[in-house]
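Student: Could you take me through one part of this structure in detail, and then show me what surrounds that part? I'd like the cut-offs behind each term as you go.

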Amino acid sequence: IMQPDVVTNDIFEKAINQLKAKDKLPPALDNIRFESYEEGRSAQVLHVGPYTEEGPIIQKLHNFIEEEGGVLEKATGRHHEIYLSDARKAKLESLKTIIRQPY
């Protein structure tokens, strides 16, 4: 998840250490990392609705890329998502997610 510029590696490490001090650790804590990367060329689409219904939207995104002459390759990586809604508060049908696909 993209972080604002004010979030530094020191802040990230402090948050991880605070979590590790708790009795019950999140199961994927060791998979969390703080990094930036250059994505390069990509296409994106706004999906409104439950996460479980993203499949057809992702397929349309892939079709668009191919129609524009782009090539989806394993080396370019998987799509990623930018969550615009708070899943704890929003209704499923109104969740907003930007789906980005590098190519």
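Tutor: Happy to! Let's start with helix 2, whose buried residues pack against strand 1 (42-48) and strand 3 (96-102). Contact means heavy atoms within 4.5 Å.

A word on the basis: this is a predicted model, in which local features need pLDDT of at least 70 and side-chain atom pairs count only at pLDDT 80 or more, while totals for chains, interfaces and linings use all residues. Residues are numbered from 1 along each chain as its sequence is written, and side-chain values use heavy atoms, with hydrogens and water left out.

Helix 2 covers residues 55-67, 13 residues in total, and spans 18 Å from its first C-alpha to its last, close to the 18 Å expected at 1.5 Å a residue. That expected span is 1.5 Å times one less than the number of residues in the helix. The buried residues of helix 2 are Ile58, Leu61, His62 and Ile65. They sit on the same side of helix 2, because they cover an arc of only 100 degrees around the axis; the arc is that of the directions from the helix axis to the C-beta atoms. For burial, the cut-offs are under 20% relative accessible area for buried, over 50% for exposed, and in between for partly exposed (1.4 Å probe, protein chains only). On the face turned away from the buried side, helix 2 carries the exposed residues Pro56, Lys60 and Glu67. Just after helix 2, Gly69 has a positive phi of about 90 degrees.

With a relative accessible area of 6%, Pro102 is buried. Pro102 is also one of the contacts of Glu39, alongside His80 and Arg100, once neighbours within four places in sequence are left aside. Glu39 itself is in the loop between helix 1 (9-20) and strand 1. Tyr103 belongs to the segment after strand 3 and is buried, at 17% relative accessible area.

Leu46 is found in strand 1 and counts as partly exposed at 45% relative accessibility. Leu46, Val48, Ile82 and Leu84 make a nonpolar surface patch of about 330 Å². Patches are made of residues with over 30% relative accessible area and no salt bridge, joining like charges within 9 Å and nonpolar side chains (Val, Leu, Ile, Met, Phe, Trp, Tyr) within 5 Å. Accessible areas come from the Shrake-Rupley method with a 1.4 Å probe, and for residues only the protein chains shown count as cover.

Last come the charged pairs. Side chains of opposite charge can pair when their charged atoms come close. A salt bridge is a side-chain nitrogen of Lys or Arg within 4 Å of a carboxyl oxygen of Asp or Glu, and the count by this rule is 2. One joins Arg33 and Glu35 at 3.0 Å, N to O; Arg33 is exposed, with a relative accessible area of 59%. The other partners are Arg88 and Asp86, with the closest N and O atoms 3.0 Å apart. Arg88 is exposed at 75% relative accessible area, whereas Asp86 is partly exposed at 26%. Asp86 sits in the loop between strand 2 (80-83) and strand 3, and its C-alpha is 8.9 Å from that of Lys96, 10 residues apart along the chain.

Terms used
Helices (H or I, at least four residues) and strands (E, at least two) are DSSP runs, numbered from the N terminus.
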